[in-house]
Amino acid sequence: MRTDKIKGGLRFLALTLTALIPSMTAAQAVSSSGCPASGPASVGALHREWILVGWEKQVGDGPFIFREKLGKYYDFSANDVVLYDDFDPQKRVAHSAKEYGSFWEPSFSALRSVHHRVVNGPDVASGSGGLAASTLEFEARIEAADGNVTNIRTRSSLVWRCSDAGWKIIREHNSSVVLPSDAPMRRR
């Protein structure tokens with residue numbers, strides 16, 4: 001008799017899960033906030049594009065204008081932004097996307113090239129209230145105007161808020177280590 005109850009309970013659980021799985025899969029396409037939870041406009045895809053496109057610099061590129069290169073990722077209208085990157089020699093904290101751009105425009109414009117590779121992630125955690133967090137690890141090869149090369153490995157953590165224009169960065173924390181000059185960059 002007890003075995004029959006257990007089998008019946010397991011059947012009920014299996015039927016319940018079978019009924020829920022299609023709706024759970026559909027819910028993954030768009031988050032509860034209305035911003036994409038998958039595809040090219042999702043947090044994970046945007047974080048990857050942010051580093052591989054937004055922060056990439058080719059030899060011969062003109063001056064680095066933060067809003068032109070990275071404006072699609074940051075919330076320029078928010079007043080609750082906190083952005084930090086320990087690769088900034090002055091270790092400043094920006095409280096707006098515009099301010100953050102002013103930290104990077106002179107030094108990034110002076111570089112000859114910067115090339116990135118994602119080596120881990122992105123990993124995304126979605127929460128309530130239209131917020132999501134993502135992390136990824138990347139390596140960069142930074143070539144100065146004089147030809148000196150610096151290789152770094154960075155752990156990047158971003159908090160995104162869903163807006164009418166899609167996901168936008170409102171928090172950023174990047175922690176970098178300089179790699180030995182002869183260390184090969186990892187490939188993913």
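Helices here are DSSP runs of H or I at least four residues long, and strands are runs of E of at least two, both numbered from the N terminus. Keep in mind that this is a predicted model, where local features need pLDDT of at least 70, side-chain atom pairs count only at pLDDT 80 or more, and totals for chains, interfaces and linings use all residues. Residues are numbered from 1 along each chain as its sequence is written, and side-chain values use heavy atoms, leaving out hydrogens and water.

Let's start in helix 4, where Y100 and F103 sit 3 residues apart, about one turn of the helix.

Now for the rings. Those of Phe, Tyr and Trp (its six-membered ring) pair if their centres lie within 6.5 Å; planes under 30 degrees apart are stacked, over 60 edge-to-face, and the rest tilted. The structure has 13 such aromatic pairs. One of them is Y74 with Y100, tilted, at 6.1 Å centre to centre and 50° between the planes. That pair links distant parts of the chain, as Y74 is in the loop between helix 3 (66-70) and strand 1 (82-85) while Y100 is in helix 4 (residues 97-110), 26 residues apart. Y74 counts as buried because its relative accessibility is 2%, and Y100 does so at 1%. Y100 also pairs with F103, this time edge-to-face, at 6.2 Å and 65°.

Zoom out, and ring pairs join W50, W55, F64, F66, Y74, F76, Y100, F103, W104 and F108 into a cluster.

Technical notes. Buried < 20%, exposed > 50% of the residue type's maximum accessible area, 1.4 Å probe, protein only.
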